[in-house]
Amino acid sequence: MMRCDFHIHSCYSPDSKQGLADIVTKGKAMGLDVIAVCDHNSVESVTALKAIDTKGIYFIPGVEYSTDIGHVLALFCHKDAKDCGLKMEKGKYNHEEIISMAKEQGGVAILAHPFIYKKEPTAADLKKFFAIEGYNARAGYKKNSTANLLAKAAGEKNDIPLIAGSDSHRPIEIGNAYIEYDCPPPYDKGKILDAIKKGGKIYGCPTAPDIIAVSQLYKATKEKNIKRIGKNLLKIPYGFYIRLFAPKDFKRFGG
């Protein structure tokens, strides 16, 4: 079996502090075989991984790009969008240009957490991508509680492969969502892409609000955004309270 967490952030994202070595350690502890580090609009982790001992885990080079249609995971990509001549408009890339750029590098584009936004993607939008994120651990609680259900249903209805990712920003989150494929080692790009096409079984649990708030607080502090600092400081005790008195909301599921 091949257990994959396709959506993890490292210290090269503005809202994450976890180092690549920490990701390797926690990934192994969670029994993961394949990990994709997808930092926000940055390929810095791809270069940095060369200095890390990744034995025991297959690392997919990737980026999470902000686009006009939402966040897009570009997997098996080594070059930055900027270096490929792409430009942002109002802080976002054109999603079709990101899809083309990924293909030119021999990679694939996957639409992350597609139903957390006010404007939901159409079936035509979804079909442009190699796959969509069928379960994102950070999109699994309360106001986003239906986002993962909608993504899974859309993928199945339109015959689009599904993946899963923890969207981890801290080691405690790694493996909160993963997908398991019937695929023996050794693992390589071809096997992984074939497995995604064939489909697998999703496992996981929602990430609690206080855990998410810690990473958002870190980002807000770096940006000196007083309003967001205050907002996330309030979310931390609230999230802890929810976990304490409603633990059933965060139970693991699978298959």
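**View 1. Helix α8, end to end.** With 20 residues (226-245) at 1.5 Å each, helix α8 should span 28 Å, and its end C-alpha atoms sit 30 Å apart, which agrees. The expected span here is 1.5 Å times one less than the number of residues. Helices are DSSP runs of H or I with at least four residues, strands are E runs of at least two, and both are numbered from the N terminus. This is a predicted model, so local features need pLDDT of at least 70 and side-chain atom pairs count only at pLDDT 80 or more, while totals for chains, interfaces and linings use all residues. Residues are numbered from 1 along each chain as its sequence is written, and side-chain values use heavy atoms, leaving out hydrogens and water. In α8, I229, N232, G239 and I242 are buried (under 20% relative accessible area, with exposed being over 50% and partly exposed in between; 1.4 Å probe, protein chains only). The cover over the buried residues of α8 includes α7 (209-223).

**View 2. The open sheet.** Ten strands line up as β7-β6-β5-β4-β3-β2-β1-β8-β9-β10, with mixed pairing (two strands pair if DSSP finds at least two bridges between them). β7 and β10 (253-254) are at the edges with a single partner strand each, so one side of each has no neighbour in the sheet. Strands β2 and β3 (residues 58-67) run parallel, joined by seven bridges; A36 has I60 in β3 as its bridge partner.

**View 3. The largest nonpolar core.** This core has 28 residues, and M2, F6, L75 and Y181 have the most contacts inside it. A nonpolar core is a set of buried Ala, Val, Leu, Ile, Met, Phe, Trp, Tyr and Cys residues joined through side-chain atoms within 4.5 Å. Elements giving two or more residues include β1 (2-8), β4 (70-75) and α6 (189-198); α6 gives the most, with four. Beyond neighbours within four places in sequence, L75 is in contact (heavy atoms within 4.5 Å) with residues including F6, A36, I60 and V108. A second, separate core of 27 residues includes V63, F115, F129 and I132.

**View 4. A195 in helix α6.** Helix α6 lies across β1, β2, β3, β5, β6, β7 and β8, at about 90 degrees to β1 (axes are lines fitted to C-alpha atoms, for helices over the stretch in contact; angles run from 0 to 180 degrees between N-to-C directions). A195 is buried, with a relative accessible area of 7%. Not counting residues up to four places away in sequence, A195 touches M2 and Y181. A195 and Y181 are 14 residues apart in sequence, and 6.3 Å apart C-alpha to C-alpha.
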